[in-house]
Amino acid sequence: MNYPITLNNGVSMPTVGYGVFQSAPEETAVAVETALKAGYRHIDTSAGYGNEREVGEGIRRSGIDRDDVFIETKVWVSDYGYDETLHAFEKSAAKLGVSQIDLLILHQPMPQHFERTLNAYRALEQLLADGKVRSIGVSNFMPHHLAALRAQTEIIPAVNQVELHPYFTQSAVQRANAEHGILTQAWSPIGGITFYPGWGENRKSVLEDETIGRIAAEHGKTPAQVMLRWHLQQGRSVIPKSTNAQRIAQNIDVFDFALVDDDLNVINALDRGVRGGPDPDAVDPSTWKLEIPEA
Ligand code: NAP
């Protein structure tokens, strides 16, 4: 059920992960336990989500061996810099209750302070060399950020996690990732950002898209399952979020049907080229004024 993919450093990662952005700490442990019992073996969190401790608790409560769960988390921008990022690992690992993190990524490129970003990435390289993390990567890096990173650091990221759903397909980012053997991992894979409450008026939820609804009906699946399948068949990893047991189970029940090429092409053509999330060129420590507490 976990359909692993091999990252560019040989580490195996389940392609379908379980996301916990905006999952309240008090519901996260139960939700993570539910997800693991439903078959997920990969959790995506972040220091910035404020729920790493509950993710660790959910993993322990599930009774599933820690080594059988792939844990991915992110360093927030306020912890960028070489020593700061080494310490960010210690904070995240302690909150999660683990000694090693499977995939640690930089949450944003922070181009206004790129020297700090580079030093943060160099700290990830050191953590990898020390065996404290099994793989390293980035998030929200656009092709120009990737180029600048590659020019000044040693290790190619294993993963670039970016906003990606049928209304925002980021083909240039996908091409740049593929060119360097970086796995594209889709955040908001079923378009959560197109309907988060309070994130702007007049958004059209991709879950309500008529074309996706038609394809879903033809396959006897839901729109969310069709979108997840669209990602997987195009080689991307996905990390759908839900705190509802039925939808958690639904989002990993995507391995018993296949979209045809025409379905994939029709969904690709829904791209509107409009980002729902923050502009990666603009995010810096003042954007959310978020500081990551000690463990
Ligand atoms: P998403 O997974 O595309 O969508 C989540 C939303 O869809 C929630 O409102 C959820 O509500 C609903 N939902 C889930 N399954 C559903 C289904 N089968 N049918 C109908 N509705 C369903 O959006 P996301 O949370 O933005 O993205 C997923 C993960 O990506 C996050 O949790 C986080 O781990 C990561 N992420 C990363 C970044 C970054 O900057 N790197 C940014 C955003 C997100 P219920 O909970 O009520 O089911």
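This is a predicted model: local features need pLDDT of at least 70, side-chain atom pairs count only at pLDDT 80 or more; totals for chains, interfaces and linings use all residues.
**Ground rules.** I number residues from 1 along each chain as its sequence is written, and my side-chain values use heavy atoms, with hydrogens and water left out. Local features need pLDDT of at least 70 and side-chain atom pairs count only at pLDDT 80 or more, while totals for chains, interfaces and linings use all residues.

**Cores.** I looked up the largest nonpolar core and got 71 residues, with Tyr18 and Ile43 having the most contacts inside it. Core here means buried Ala, Val, Leu, Ile, Met, Phe, Trp, Tyr and Cys joined through side-chain atoms within 4.5 Å; buried is under 20% relative accessible area (1.4 Å probe, protein chains only). Then I checked Ile43: beyond four places in sequence, its contacts (heavy atoms within 4.5 Å) include Tyr18, Val55, Phe70 and Glu72.

**Ligand.** Which residues come nearest to the ligand? I found Asp44, Ser188, Tyr196, Ser242 and Arg247, out of 28 around it (a heavy atom within 4 Å). Alone, the ligand exposes 900 Å², and the protein buries 87% of that (Shrake-Rupley, 1.4 Å probe).

Note on methods:
Buried means under 20% relative accessible area, exposed over 50%, partly exposed in between (1.4 Å probe, protein chains only).
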